[in-house]
Amino acid sequence: MLAQRMMWIAWPAFVLAGVLEMIVFAVVDPQSLRWFGQPLGMSREAVYTLAFFVFWLLTMVSSALTTLLSMSPFEVNRGTSPVKGLPEGDTKEAGSH
């Protein structure tokens with residue numbers, strides 16, 4: 001289940017990072033970028049690569065946070081049964097039939 005959720009997060013974030021990359025670098029020339037007033041000193045390809053991974057990381061964090069906040073408390077805490085002897089995820093109280 002965790003691997004499935006990771007794919008729900010990673011693939012859309014990957015696609016969005018590619019779109020952001022195209023939009024940003026259609027407007028910004030990587031050679032004109034400055035860091036504290038100094039040229040970056042990296043090739044265009046290095047700037048493109050670094051920017052893509054930064055975009056991908058930011059969109060994955062955003063998607064992961066959205067996924068986490070959309071889960072119910074039961075889903076978040078699944079696997080920890082407060083009653084001993086019940087299978088994981090079982091919410092019945094001990095002694096109830």
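**Close-up views of a predicted model**

Thr67 touches Arg5 and Ile9, when residues up to four places away in sequence are not counted. The model shown in these views is a predicted one.

Figure 1. Thr67 has its place in helix H2. Is this residue, Thr67, buried or exposed? Thr67 counts as buried because its relative accessibility is 18%, and the cut-off for burial is under 20%. Its partners Arg5 and Ile9 are themselves among the buried residues of H1.

**Figure 2. Overall arrangement of the elements.** The protein contains 3 helices and 2 strands. Read from the N terminus, the elements follow the order α-β-β-α-α. Of the 97 residues in the protein, 15% are buried. The accessible surface comes to about 7,600 Å², and carbon and sulfur atoms account for 69% of that surface. Among contacts with a separation of 6 or more, 56% are between residues 24 or more positions apart.

Figure 3. Helix H1 covers residues 2–27. H1 has 26 residues and spans 38 Å from its first C-alpha to its last, close to the 38 Å expected at 1.5 Å a residue. The buried residues in H1 are Arg5, Ile9, Ala10, Ala13, Ala17, Glu21 and Phe25. An α-helix has 3.6 residues a turn, so residues three or four places apart point the same way. The cover over the buried residues of H1 includes H2 and helix H3 (73–76).

Figure 4. Helix H2 runs through residues 44–70. With 27 residues, H2 reaches 39 Å from its first C-alpha to its last, which is close to the 39 Å expected at 1.5 Å a residue. Which residues of H2 are buried? They are Val47, Ala51, Phe52, Phe55, Thr59 and Thr67. The buried residues of H2 pack against H1.

**Figure 5. The largest nonpolar core.** Six residues form this core, with 6 as its computed count: Ala17, Phe25, Val47, Ala51, Phe52 and Phe55. Helix H1 and helix H2 are the elements that give two or more residues to the core. The largest share, 4 residues, comes from H2. With which residues is Phe55 in contact, leaving aside its neighbours within four places in sequence? Phe55 is in contact with Ala17, Leu20, Glu21 and Val24.

Figure 6. Leu2, Met6, Met7, Trp11, Phe14, Val15, Leu16, Val19, Met22 and Ile23 make a nonpolar surface patch of about 1,000 Å². Met7, one of these residues, is found in helix H1. Met7 counts as partly exposed because its relative accessibility is 43%. Leu16 also belongs to the patch and has its place in helix H1. With a relative accessible area of 41%, Leu16 is partly exposed. The C-alpha atoms of Leu16 and Phe52 are separated by 9.8 Å, although these two residues are 36 residues apart along the chain.

**Figure 7. The salt bridge between Asp29 and Arg44.** The structure holds 1 salt bridge. Asp29 forms this salt bridge with Arg44, and the closest N and O atoms are 2.9 Å apart. Which parts does the pair tie together? Asp29 lies in the loop between H1 and strand S1 (34–35), whereas Arg44 lies in helix H2, so the pair ties together parts that are 15 residues apart in sequence. Asp29 counts as partly exposed at 33% relative accessibility. Arg44 is partly exposed too, with a relative accessible area of 36%.

**Figure 8. Phe36 in the loop between the strands.** Phe36 has its place in the loop between S1 and strand S2 (38–39). What is the phi of Phe36? Phe36 has a positive phi of about 55 degrees, although it is not a glycine. Most residues other than glycine have a negative phi. Phe36 is exposed, with a relative accessible area of 74%.

Technical notes:
Residues numbered from 1 in each chain as written. Predicted model: local features only at pLDDT ≥ 70, side-chain atom pairs only at ≥ 80, totals over all residues. Heavy atoms only, no water. Buried < 20%, exposed > 50% of the residue type's maximum accessible area, 1.4 Å probe, protein only. Contact = heavy atoms within 4.5 Å. Areas by Shrake-Rupley, 256 points an atom, 1.4 Å probe, with all protein chains shown as cover. Core = buried A, V, L, I, M, F, W, Y, C linked by side-chain atoms within 4.5 Å. Patch = residues over 30% accessible without salt bridge, like charges linked within 9 Å, V, L, I, M, F, W, Y side chains within 5 Å. Salt bridge = Lys/Arg side-chain N within 4 Å of Asp/Glu carboxyl O. Expected span 1.5 Å × (residues − 1).
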